[in-house]
Structures are given as C-alpha cells and as structure tokens.
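Good morning, and thank you for coming. Please look at the sequence and the structure before I take you through a few parts of the chain.

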Amino acid sequence: MTITQLEYIVALDDLKSFSKAADFCCVTQPSLSMQIQKLESELNIVIFNRKDKPLKATIQGQEIIRQARVILKETATLKDLSKGWSNQVSGNVSIGVIPTIAPYLMPRFLSGFQQKFPDLHINISETTTSNIVKEIKEGKLDIGILVTPLGDQLIEKHLYYEELYLYSNLRLNSGKICKSVEPENLWLLEEGHCLSSQINSICNLKSGQTLSPRITYQTGSLETIVRIAEDAGGQTIIPEMLYDFLDSNKQDHVFPLPFPKPVREVSLVYSPSYARKGIIQALHKEILSVVPESWRELNERNIIPI
C-alpha cells in the first residue's frame, strides 16, 4: 500500500471517472487503474463498482476511502511541519462557511485578508453545518466558520456572539406592527440550517411551519425569508449582521427579542490534527477586527443551542 495509491482512489472517488482522475493525478489511465487494482488485491476488497454509471465506491470501499482521506491529511500535516509551515500564512487553505454567516461576514474581511497574505490561496465553499463538519473530518476542508458549540471532537476557537432579532411585518388589529414573536406566523429556513434549529429552540417550532398550513417554502436564504415575511405579513428571526444589509424601510421592522437576549456563538472550527496554526491565528485576528468589540463577550445574553 502506498500514499500514491491512496491519492488515486480519493481522486477517483471525487471525480467519478478514470480518465478525469488520471488527468488530475498527471498519470496515464492504465497506470492509475493498475495501481488501484493492486491496492484492491492487497486489501482483498473491491473498492469501486465499475459497472455503476457514474462510478461509485462499494460499501467497503467507502470506508477505505474515508480512512485514505484521513491518512492523506495527516501526511500533508507532516509535510507542512517539516517545511516549518505551521506558523506561516501561505500555501492553500479550504474554508467552509454556513449560508447564514457567509454573505454578511465574508465581504467584511476577505479583501483585506487577501491583501495582507497574498501568498495564501483560499478556497471557500458555502454549505450546511453537517456538511462542513463531515468534510473537515474527511480532510476535504481545513477550517469551518460555524455556529457553536457543536458537541463534537473538533476544535472550536471562539470568534464572537451575534444577537438574534425579530423581523416582523405582522399587523395587529390596531394596524401597528406586532413586536413580539407569534410562532404561528414565523417563516423558517429549511431543516439542516443551524439558525432554523435555534429558532426551534426559542419557539419549539418545526421547520416548514408558515403563515398558512397549505404552504411550505424551503429555502436556505435569509433574504428570501425576510421578503416572504414582508409580503405575507409574517415574521422571522434574523442575525444582527443581516440588519446592515436591509434597506431603511425593512430596518424599521427589526425588533429586539425578550431578555435574556438570545445570541449565536460563531467560531472557527478545525481538526485537532490541523497544523497550520499561523493561518488559524491570522484568520481569527482579521475577523475580530471587523466585528464590534462588544460582540466578543457574552455579557447578559443567552447562547441558543443548535
């Protein structure tokens, strides 16, 4: 068994094509195929079902590939340490960010971060918490920017606490805007988004509950939910960073939630084996520089569980 063979099966699993995997690994297709067959013979396991279109790993093969990703990640860590990269901010880094953070946080710091560290190549993906955690464990992602605590074995480096607010266009009989949460009128993000889970914790609701029991609108976009709540005369819960992106008319419809004020904790999340501590520290410092100092402490606020 060799590192090269492990690289080949990971590439084939990612690309689902022998020709694409061979091109990616800069080898001929017969050479890649032969090395994978040697690995299968050594392990006495069929890793890929070659009859499937597109190509799929077998059940046993999926576990082999999962472990191969871990081994390759650890190998890369050893190489980084040997090069003295642990404290350098250069090379490549992959970051996963959840959709309720990415549109509001990333534009605040990303440009300045790139200017400070031009030798660092950043690959950013926007997806759900569960996907980011999974890909960090598999070695596909280096760092996550997530709502915590996760209750996982990953390291969580605290960034800030962000308050949650009520957006309401629900009218009372008097014609005034309702400033308190009315659960039957809340619009929520689809399941899988941590903000939706937090709202469930506040209101004990299920995802998909809406103004009308005949309507279910599943989306991962906070802006979409706000527009629907506005047009339908409903409500939703939003994080504080979204407030700055609302026009002045919508800002007038944002109200604080009752004491103790609910907040979500946002952290950098990464594997204990991730050796690029210089990147972690630089990213942490840059993000803190663009959020209000008051966000760094919990004070008399309540963290809402995911």
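**Helix 3 and selected residues**

I begin with one face of helix 3, the face turned away from its buried side, which carries the exposed residues P30 and S41. Buried here means under 20% relative accessible area, exposed means over 50%, and partly exposed lies in between, with a 1.4 Å probe and protein chains only. Helices (H or I, at least four residues) and strands (E, at least two) are DSSP runs, numbered from the N terminus.

Some conventions are needed at this point. This is a predicted model, in which local features need pLDDT of at least 70 and side-chain atom pairs count only at pLDDT 80 or more, while totals for chains, interfaces and linings use all residues. Residues are numbered from 1 along each chain as its sequence is written, and side-chain values use heavy atoms, with hydrogens and water left out.

Which residues of helix 3 are buried? They are L32, S33, Q35, I36, L39 and E40. These residues cover an arc of only 165° around the axis, and therefore sit on the same side of helix 3; the arc is that of the directions from the helix axis to the C-beta atoms. In general, an α-helix has 3.6 residues a turn, so residues three or four places apart point the same way. The cover over the buried residues of helix 3 includes helix 1 (3–15), helix 2 (18–25) and strand 1 (48–49). Contact, as I use the word, means heavy atoms within 4.5 Å.

The length of helix 3 can be checked too. Its 15 residues, 29–43, should span 21 Å at 1.5 Å a residue, and the end C-alpha atoms are 21 Å apart, which agrees. The expected span is 1.5 Å times one less than the number of residues. Just after helix 3, N44 takes a positive phi of about 60°.

I turn now to S94, in strand 3 (residues 91–97). With a relative accessible area of 10%, S94 is buried. Its side chain reaches the backbone oxygen of K140 at 3.5 Å. Neighbours within four places in sequence aside, S94 is in contact with N123, K140, L141, D142 and I143.

Next is E223, in helix 8 (residues 222–232). E223 counts as partly exposed because its relative accessibility is 28%. Which residues does E223 touch, not counting those up to four places away in sequence? They are Y104 and L242. The side chains of E223 and Y104 make a polar contact at 3.0 Å. A polar contact is a pair of N or O atoms within 3.5 Å; within protein, one must be able to donate a hydrogen and the other to accept it, and residues adjacent in sequence count only if both atoms are side-chain atoms.

R296 lies in the loop between helix 11 (277–288) and strand 10 (301–303). Between R296 and E162 there are 134 residues in sequence, but 8.9 Å in space, C-alpha to C-alpha.

Finally, the chain as a whole. It has eleven helices and ten strands, and buried residues make up 48% of its 306 residues. The mean pLDDT, the predictor's confidence in each residue from 0 to 100, is 85, and 85% of residues reach 70 or more. Over residues 205–216, however, the pLDDT is below 50. Where pLDDT is low, the predicted coordinates should not be read in detail.
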